[in-house]
Amino acid sequence: MTAGRYVDTLPPLRWDEPRRSYDVVIVGGGGHGLATAYYLATRHGLTDVAVVEADYIASGNTGRNTTIIRANYGIPEAIRFYEHSLELYAGLEDETGAEILHQEKGLIWLAHTETALRAERARCQLNTACGAETVMVTPAEIKALVPQIDLTGGGRYPILGASHHLRAATARHDRVAWAFASGAMARGVQVVQHAPVTGLLRRGDRVVGVETPLGRIEAGTVVSAVGGRVTTLAAMAGVRLPIRTHPLHAFVTNDFGQAFPRIVSDTELLCYVSQTERGQMLIGAEFDAQPSYSRRSSIAALRAYAAKVTHILPFLRDLRILRAWAGSCDISADFSPIMGATGVPGFLVTTGWGTWGFKAIPAGGEAMAELIATGRAPDLIAPFALDRFARDHVLADQGSTGTR
Ligand SMILES: Cc1cc2nc3c(=O)[nH]c(=O)nc-3n(C[C@H](O)[C@H](O)[C@H](O)COP(=O)(O)OP(=O)(O)OC[C@H]3O[C@@H](n4cnc5c(N)ncnc54)[C@H](O)[C@@H]3O)c2cc1C
């Protein structure tokens, strides 16, 4: 546990009044918008950039997630992309000088049936081939890694084995946003809070800026990084996206006296657990089936999540639920992200981050920055272009979300 590291000084953050125009306006001050701004400044020297945020930075999913960073995906394109992000995360404290409380923990992904075991074996092989360290572990090895686990699954969900993704990690979510924000600001990027974009400025086919209650802001390029609000913003540019917005819930308990150093996830019960830097147990599960923009917690979700997770970790029954919350997730039709051009000149998107986009913040931001600076999508994200749906090249990876 790193409780001692928890309290320290806030990073230098500064809020700006918007100028009349910028080279680049990024709509949305979540992790993806801020990381894109940071890498534009640090990798490409582009600082005539504004991030325009409707509320306060990281008020969306970036400040609401369960902070799991992993690369054990089910298709090569995704494994390579998330593995690169995992590497960037591992070096982020050194690069930015900001403490993001990054901790490598390893993730155990439990299987209760022969079919699930086969799927995990295939995952291990593909992960290994693409550079993400994932190995199978037996029930005895699982018990050694996580002594608190009930291998009988409460008598109903016996654990037959698991994949163990060795380099999976967690990092404090709001500190990640602050690290990118302060790094970008230090180089001249402006961050404007409490300025919802209410319209897009058009000149012919081209998007040339945004409208906000603080006035119009012109831009050479406008990037949408608005999380669950993306279909509304894209519609202003006449772009229809294969995205639906669904709520995802999470909760924390009071402190657990023992150290719980791994992340435990369940392929079939669809729930996952880790311990925060403070010692609280942090629990998440599947997203709501009903699309909605609601960010209200629900007793139904709490009850369902708690029932599942206590089958495998019965000690959780003795803890109390301290806080619950929800975010609105931009779920793409193939459960993979969508990054890049939209077909509308001057308007780019980074979306489809659903319930899995926290881990992608560094790699997504770095790649979007390269695309903006050079006009060419780097190889790492080229497969994730929006036009894949029209080309019948979807990147179906539902089984890797852990939340569906
Ligand atoms: C409960 C929960 C648990 C999760 N757990 C994980 C996890 O463990 N690991 C993982 O990898 N991912 C996880 N995720 C997903 C992850 O949080 C998101 O994919 C990621 O944070 C998306 O970042 P973003 O910057 O795209 O969006 P956001 O962080 O949502 O930022 C978008 C920003 O845009 C702003 N905005 C919206 N509309 C406008 C507008 N018109 N004008 C200006 N600004 C606007 C919003 O206010 C918001 O601040 C989880 C999500 C939730 C909700």
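**Ligand site and strands**

Student: Which side chain has an N or O atom 2.6 Å from an oxygen atom of the ligand?
Tutor: That is Glu-53, with a side-chain N or O atom 2.6 Å from a ligand oxygen. A polar contact here is a pair of N or O atoms within 3.5 Å; within protein, one must be able to donate a hydrogen and the other to accept it, and residues adjacent in sequence count only if both atoms are side-chain atoms.

Student: Before we go on, what sort of model is it?
Tutor: The model is predicted: local features need pLDDT of at least 70, side-chain atom pairs count only at pLDDT 80 or more, and totals for chains, interfaces and linings use all residues. Residues are numbered from 1 along each chain as its sequence is written, and side-chain values use heavy atoms, with hydrogens and water left out.

Student: OK. Which backbone atoms reach the ligand?
Tutor: Among them, a backbone N or O atom of Ile-68 lies 2.9 Å from a ligand nitrogen. A polar backbone atom of Gly-357 is 3.0 Å from a ligand oxygen.

Student: How much of the ligand does the protein bury?
Tutor: 95% of the 1,000 Å² that the ligand exposes when taken alone. Areas come from the Shrake-Rupley method with a 1.4 Å probe; for residues, only the protein chains shown count as cover.

Student: Which elements give two or more residues to the shell?
Tutor: Helix H2 (31-44), strand E13 (243-255) and strand E17 (321-332). E13 gives the largest share, three residues. Helices (H or I, at least four residues) and strands (E, at least two) are DSSP runs, numbered from the N terminus.

Student: How many residues surround the ligand?
Tutor: 36, and the closest are Glu-53, Thr-62, Thr-66, Val-197 and Lys-359. To be near, a residue needs a heavy atom within 4 Å.

Student: Which domains do they come from?
Tutor: The shell takes at least three residues from each of domain 1 (16-66 + 173-243 + 333-403) and domain 2 (104-167 + 244-332). The bounds come from an automatic or database domain assignment.

Student: Back to Ile-68. What is its bridge partner in E8?
Tutor: Thr-170. Strands E3 and E8 (residues 169-170) are antiparallel, with two bridges. Pairing needs at least two DSSP bridges between two strands.

Student: What order do the strands of that open sheet take?
Tutor: E3-E8-E4, three strands with antiparallel pairing. E3 (68-69) and E4 (103-104) each have a single partner strand, so one side of each has no neighbour in the sheet.

Student: New topic: E5. Is it buried or exposed?
Tutor: Mostly covered: five of five residues in E5 (residues 107-111) are buried. Buried means under 20% relative accessible area, exposed over 50%, partly exposed in between (1.4 Å probe, protein chains only). Leu-107, Trp-109 and Ala-111 are on one side, Ile-108 and Leu-110 on the other.

Student: Which strands does E5 pair with?
Tutor: Strand E7 (residues 161-165) runs antiparallel to E5, with five bridges. Strand E14 (residues 263-266) pairs with E5 in the parallel sense over four bridges. Ile-108 is opposite His-164 in E7, and Trp-109 has Ser-265 in E14 as its bridge partner.

Student: Last one, Thr-36 in H2. What does its side chain reach?
Tutor: The backbone oxygen of His-32, at 2.7 Å. Thr-36 is buried, at 1% relative accessible area.
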